[in-house]
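Biologist: Please take me through the ring contacts and the pocket, with the criteria behind each term.

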Amino acid sequence: MAVKTIWQITHSCGHQAARDLSDRAADRRAGFAEWLAKQECTACWRAAKGGDEEDKAAWLEAKRAEEQAESDAWSEQYRNTVVLPYLAPAAQAVRDAECVAVAVDVAIVRTPNTK
Ligand SMILES: [Zn+2]
């Protein structure tokens with residue numbers, strides 16, 4: 001089965017748009033598509049904004065909101081991932097800082113009752 005990268009989004013304004021999410025990590029696409037569906041489509045959003053002057057600032061703001069939402073969605077999904085078994089043996093061989101960070105996150109996820 002091919003990996004789904006084009007998502008048909010039905011925006012809050014009722015319009016549909018195909019979004020290519022291939023530049024997103026595979027495990028983040030569903031959450032991001034869900035967030036997109038809560039937004040107006042680009043045309044409606046632009047029409048609502050109006051005025052070229054604010055356009056760039058508004059776009060940047062929207063872009064930041066998008067990335068924040070994406071990151072939130074991913075965190076949410078990650079929290080709900082109870083077991084990452086393939087990381088357990090790897091933890092013994094942790095060498096670089098990134099792996100340490102991941103291992104710490106896993107430890108938090110796997111020991112929810114520890115206070
Ligand atoms: Zn629309």
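**Rings, charges and a pocket**

Modeller: Lysine 4 lies over the face of tryptophan 7, 3.9 Å from the ring centre. The model is predicted, with local features needing pLDDT of at least 70, side-chain atom pairs pLDDT 80 or more, and totals for linings using all residues. Residues are numbered from 1 along each chain, and side-chain values use heavy atoms, without hydrogens and water.

Biologist: What makes a charge sit over a ring?

Modeller: NZ of Lys or CZ of Arg must be within 6 Å of the ring centre and within 35 degrees of the ring normal. Arginine 24 also lies over a ring face, that of phenylalanine 32, at 4.1 Å from the centre.

Biologist: How many aromatic pairs does the rule give?

Modeller: The count is one aromatic pair. The ring centres of phenylalanine 32 and tryptophan 35 are 6.1 Å apart and the planes are at 20°, so this pair is stacked. The rule asks for centres within 6.5 Å, using the six-membered ring of Trp, and calls planes under 30 degrees apart stacked, over 60 edge-to-face and the rest tilted.

Biologist: Are phenylalanine 32 and tryptophan 35 buried or exposed?

Modeller: Both phenylalanine 32 and tryptophan 35 are buried (under 20% relative accessible area, 1.4 Å probe, protein chains only).

Biologist: Which classes of residue line the largest pocket?

Modeller: Its lining has seven nonpolar, three polar and six charged residues; Asp, Glu, Lys and Arg count as charged, and Gly is among the polar ones. Arg19, Thr42, Trp45, Ala62 and Glu66 lie nearest the pocket centre.

Note on methods
1 Å grid on protein atoms, 1.4 Å probe; cavity = no way out; pocket = protein on both sides within 12 Å on 5 of 7 lines; lining within 4 Å. Buried < 20%, exposed > 50% of the residue type's maximum accessible area, 1.4 Å probe, protein only.
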